[in-house]
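Colleague: I have the structure open next to the sequence and would like to go through it with you. Could we begin with how the helices pack?

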Amino acid sequence: MNDHEWLAERFEENRSHLRAVAYRMLGSLSEADDAVQEAWLRLSRSGADEVENLGGWLTTVVGRVCLDQLRMRKARREDPLDVHVPEPLVSRPDALDPEHEALLADSVGLALLVVLETLTPVERLAFVLHDMFAVPFDEVAPLVDRTPAAARQLASRARRRVQGAAPAPDTDLARQREVVDAFLAASRGGDFEGLLAVLDPDVVLRADAGGVPDGLSKLVRGARAVVEQALTFSRFAPFARPALVNGTPGLVTAQGGQPLSVLGFTIAHGKIVEINILADLARLSRLDLSILDD
């Protein structure tokens, strides 16, 4: 085995971990794969002769690549009402795809990714690397051009925001599926009261349709307002099918083989507290939904 082959083998041993880091940083598996590929290019150019901890070195490289991507994204994005739903991981309703299972080892739900989107790029990097992957602050600090103490403050600020905004979901998947099924049945039947019964009074609905100019992207708060919004989309309910969205019960709507939306639900105390809808056709086209084919 030559040096290049040895290096490639070591890199493959870390690929799954690196994809998990990049997905939490970017909220997009396609962009995460690009970041991991960039890390490989940098490793293959520089070699690993003086690297004592290759896994740690690669993690910080991926973190730096993701930080650059987040900064570029922030500079060009003009989301209406700050509505942005990350790209979800969609699996069959009966079991997680093995690849997704590795990425979601820490139960990274869509609601948590949405909250991470509200952080500044440096806050997100500090929080993800330290709190999710136990990277020491003295290794995080150079990536964000801060002292270790300042990097600790970034992570602490991010942690408070995450804890205050990310709802703690129920853990019983069977019960969650019952709630989502009830939501779908009520949507199909145009049942206002049935929808109201499964929603938390303070439920939040976030719909991201991308850059379309007709106002389809929106943020809606409160059960009655969400019910009214859900009923306007009831015509698509017959095309909805169950799926796992970031490891929890959700829905995918498709018509004529064309995906129209992915709905992720956060359920707490038996009620839907958050609905995140990705209806951006450009980003939907990047998702692998073939696993849902019969």
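Modeller: Gladly, and please keep in mind that this is a predicted model.

Colleague: Which residues of H6 and H8 make the contact?

Modeller: On the H6 side the contact is made by Val122, Glu123, Ala126, Phe127, His130 and Asp131, and on the H8 side by Ala151, Leu154, Ala155, Arg157, Ala158, Arg159, Arg161 and Val162. In the contact of H6 with H8, eight residues are nonpolar, one is polar and five are charged.

Colleague: Which charged residue does Glu123 form a salt bridge with?

Modeller: Glu123 forms a salt bridge with Arg157, and the closest N and O atoms are 2.7 Å apart. The pair links distant parts of the chain, since Glu123 sits in helix H6 and Arg157 in helix H8, 34 residues apart. Glu123 is buried, with a relative accessible area of 3%, whereas Arg157, with a relative accessible area of 37%, is partly exposed.

Colleague: Let me switch to the sheet. What is the strand order?

Modeller: The sheet is open and has seven strands in the order E1-E4-E5-E6-E7-E2-E3, with mixed pairing. Strand E1 (90-91) and strand E3 (218-221) are the edge strands, each pairing on one side only.

Colleague: And in which sense do E4 and E5 pair?

Modeller: Strand E4 (residues 240-245) and strand E5 (residues 248-255) pair in the antiparallel sense, over six bridges. If you want a place to look, Pro242 stands opposite Leu251 in E5.

Colleague: Which strands does H5 touch?

Modeller: Helix H5 (residues 110-117) packs on the sheet and touches strand E2 (199-208), E4, strand E6 (258-268) and strand E7 (271-278), and its direction makes about 65 degrees with that of E7. Helix H11 (residues 223-232) lies across E2, E3 and E7, and runs at about 45 degrees to E2.

Colleague: E7 keeps coming up. How many of its residues are buried?

Modeller: Seven of the eight residues of E7 are buried, so the strand is largely enclosed by the rest of the structure.

Colleague: What lies between E6 and E7?

Modeller: E6 and E7 form a hairpin with two residues between them, and His269 in the turn has a positive phi of about 55 degrees.

Colleague: Back to charges, then. How many salt bridges are there?

Modeller: Counting a side-chain nitrogen of Lys or Arg within 4 Å of a carboxyl oxygen of Asp or Glu, there are 19 salt bridges. One of them joins the side chains of Arg283 and Asp208, at 2.4 Å from N to O. That pair also links distant parts of the chain, with Arg283 in helix H12 (residues 281-284) and Asp208 in strand E2, 75 residues apart. Both Arg283 and Asp208 are buried.

Colleague: What about the pair of Arg10 and Glu13, how far apart are the closest N and O atoms?

Modeller: In the salt bridge of Arg10 with Glu13, the closest N and O atoms are 2.7 Å apart. Arg10 and Glu13 are three residues apart in helix H1 (residues 3-26), so they are separated by about one helical turn. Arg10 counts as buried, at 16% relative accessibility, while Glu13 counts as exposed, at 52% relative accessibility.

Colleague: Which residues are linked in a network of salt bridges?

Modeller: Glu31, Arg73, Glu117 and Arg124 are linked in such a network.

Colleague: Last one: where is Thr118 found?

Modeller: Thr118 is found in the loop between H5 and H6, and at 47% relative accessibility it counts as partly exposed. Thr118 and Leu143 are 25 residues apart in sequence and 20 Å apart in space, C-alpha to C-alpha.

Key:
Residues numbered from 1 in each chain as written. Predicted model: local features only at pLDDT ≥ 70, side-chain atom pairs only at ≥ 80, totals over all residues. Heavy atoms only, no water. Contact = heavy atoms within 4.5 Å. Helix = DSSP H or I, 4+ residues; strand = E, 2+ residues; numbered from the N terminus. Nonpolar A, V, L, I, M, F, W, Y, C, P; charged D, E, K, R; others polar. Pairing = 2+ DSSP bridges. Axes fitted to C-alpha atoms, helices over the stretch in contact; angles between N-to-C directions. Buried < 20%, exposed > 50% of the residue type's maximum accessible area, 1.4 Å probe, protein only.
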